[in-house]
Amino acid sequence: MSRSAHPAGPRHADVLPEGHYSPPPADLNRLDEKVWARTVRREDDGVVSVGGLPVTELAERFGTPAYILDEDDFRARCRSWAEAFGKDADVFYAGKAFLSRAVVRWLGEEGLNLDVCSGGELATALSAGMPAERIAFHGNNKSGEEIRRAVEAGVGRIVLDSFQEIVRVAHIAQSLGVRQRVQIRVTVGVEAHTHEFIATAHEDQKFGIALAGGQAAEAVRRALRLDSLELVGIHSHIGSQIFDMAGFEVAARRVVSLLAEVRDEHGVELPEIDLGGGLGIAYTSDDDPREPHEIAKALHEIVSRECESAGLATPRISVEPGRAIVGPTAFTLYEVGTVKALEGLRTYVSVDGGMSDNIRTALYDAEYSVSLASRTSDAAPMLSRVVGKHCESGDIVVKDAFLPADVAPGDLLAVPATGAYCRSMASNYNHALRPPVVAVRNGEARVIVRRETEEDLLRLDVG
Ligand code: LLP
């Protein structure tokens, strides 16, 4: 996203087509630690390993395609977020990025809370033993049934997203004899610099209640009037895959000014603010993400400064990182099936997965990197497009990348940074079977989400 068209690489100056790619790296065999999970290495025999296990062995045992997740990295990232934000703040992992029962248990063990946005995510969280009070429930159109289950389970907070929902949650809580803790999600009018479909705080979109025109203040008024709701705070989420802190700072400032308005009008100081998720990760060597401690410091500073100048006590801050925790922890392992060199254009390398296991390239024009993982090669860099096996030409996994020119059927390719929004957005297009998620730790691998089977597909086909 940050890359500009590169004029021409050194070796292929005469044949490189226009495109958005960086020059080929000096050494194609080197793994840039920025984009790979922490325990990923290239071993002396040339094979890439994770958690001490070579990908050749993983492919043999679990098949391809497969998402391979570095459990130590996941846990370490949870801890750095928790430590960076400290005791006076809460970190909610956004389950939409990737959720499974193992993940819920890791979160529990590492002291994180969980944000869910559907009945299915709630069921997964509860079935893996996440205490309900550590769950926040999101969504712009939660069904009555979902709300009822969340209130009955005793979730720690429901984030209200519309005027209708204020009344809906209040009625359900009242009928269950519960006073439900809620936050109100506001749209602060910030243009986050990211893809339009993943930017969420500008006004012309479906989420939240606008600060502009006094809508959010009206929502607060209504929520405060309802006895079955305990309004504990204001929520803002400005978008996803964002590198620039400026948007978060503006959001924090605007949310604090709403808190001041609420205090002036109602004499109530709301004790919490949630600044959402959205921190970007490195998909390619050109991306430079922020570390959790930088983010925590910037947010704490801006909130305390703004509160001080408004004469408010500093509220408890929470954040909801999804991608920044799970994204970098996994890579997708594919096997090459065919290689087609298109003279003067690029080489199409087809793998055994595609848009059914990673829709992000097709949907957001996302950029990924790729490495030959089953061996090293001294062959010259070859401009490649890694494509899947689906029946459409937009089925692209990595749009522009350099692979060694001797890449051949049977080689294993690994695409890093696929932990977030890949398995969770996977589909059965062309009746593809969704790949497994294999967690690796200390030389041991275990399936945490198994590969789908044809029986799984046929079980739903009851006609
Ligand atoms: N909190 C709320 C209220 C959200 O809506 C989201 C993401 C998050 C937290 C987590 O955001 P993260 O830290 O993961 O950026 N499918 C898209 C991303 C959609 C994000 C939706 N909401 C993608 O693949 O880029």
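Predicted model: local features only at pLDDT ≥ 70, side-chain atom pairs only at ≥ 80, totals over all residues.

Reader: At what angle do helix α8 and helix α9 pack, and how far apart are their axes?

Author: A pair of helices is described by the angle and the distance between their axes. Here α8, residues 246-266, and α9, residues 292-310, pack at an angle of about 30°, and their axes are 9 Å apart. Angles under 35 degrees count as roughly parallel, and α8 and α9 are therefore roughly parallel to each other. Their crossing is right-handed.

Reader: Which residues of α8 and α9 meet?

Author: From α8 come Phe248, Glu249, Ala252, Arg253, Val256, Ala260 and Arg263. They meet Ala298, Leu299, Ile302, Val303, Glu306, Cys307 and Ala310 of α9. By residue class, the contact of α8 with α9 has 10 nonpolar and 4 charged residues, and no polar ones.

Reader: How is the crossing of α4 and α5 handed?

Author: The crossing of α4 and α5 is left-handed. Helix α4 (residues 119-127) packs against helix α5 (residues 144-153) at an angle of about 25°, with the axes 10 Å apart. These two helices are therefore also described as roughly parallel to each other. On the α4 side the contact is made by Gly119, Leu122, Ala123 and Leu126, and on the α5 side by Glu146, Arg149, Ala150 and Ala153. The residues of this contact divide into 5 nonpolar, 1 polar and 2 charged.

Reader: How many residues surround the ligand, and which are the closest?

Author: One begins with the surrounding residues and then turns to individual atom pairs. The ligand is surrounded by 19 residues, of which Ser240, Glu320, Arg323, Arg360 and Tyr421 are the closest. In the side chain of Glu320, an N or O atom is 2.7 Å from a nitrogen atom of the ligand. For Arg360, a side-chain N or O atom is 2.6 Å from an oxygen atom of the ligand. Gly278 takes part through its backbone, where an N or O atom lies 2.8 Å from a ligand oxygen atom.

Reader: Where is a cis peptide bond found?

Author: The angle to read is omega, which is about -10° for the cis peptide bond joining Thr64 and Pro65. Pro65 is found in the loop between α1 (55-62) and β4 (66-70).

Reader: What is the phi of Ala417?

Author: Ala417 has a positive phi of about 65°, although it is not a glycine. Ala417 lies in the loop between β19 (412-416) and β20 (437-441).

Definitions and conventions: Residues numbered from 1 in each chain as written. Heavy atoms only, no water. Axes fitted to C-alpha atoms, helices over the stretch in contact; angles between N-to-C directions. Helix = DSSP H or I, 4+ residues; strand = E, 2+ residues; numbered from the N terminus. Parallel < 35°, antiparallel > 145°, perpendicular 65-115°, else oblique. Left-handed = near helix turned anticlockwise from the far one by under 90°. Contact = heavy atoms within 4.5 Å. Nonpolar A, V, L, I, M, F, W, Y, C, P; charged D, E, K, R; others polar. Near = heavy atom within 4 Å. Polar contact = N/O pair within 3.5 Å; in protein donor to acceptor, adjacent residues only side chain to side chain.
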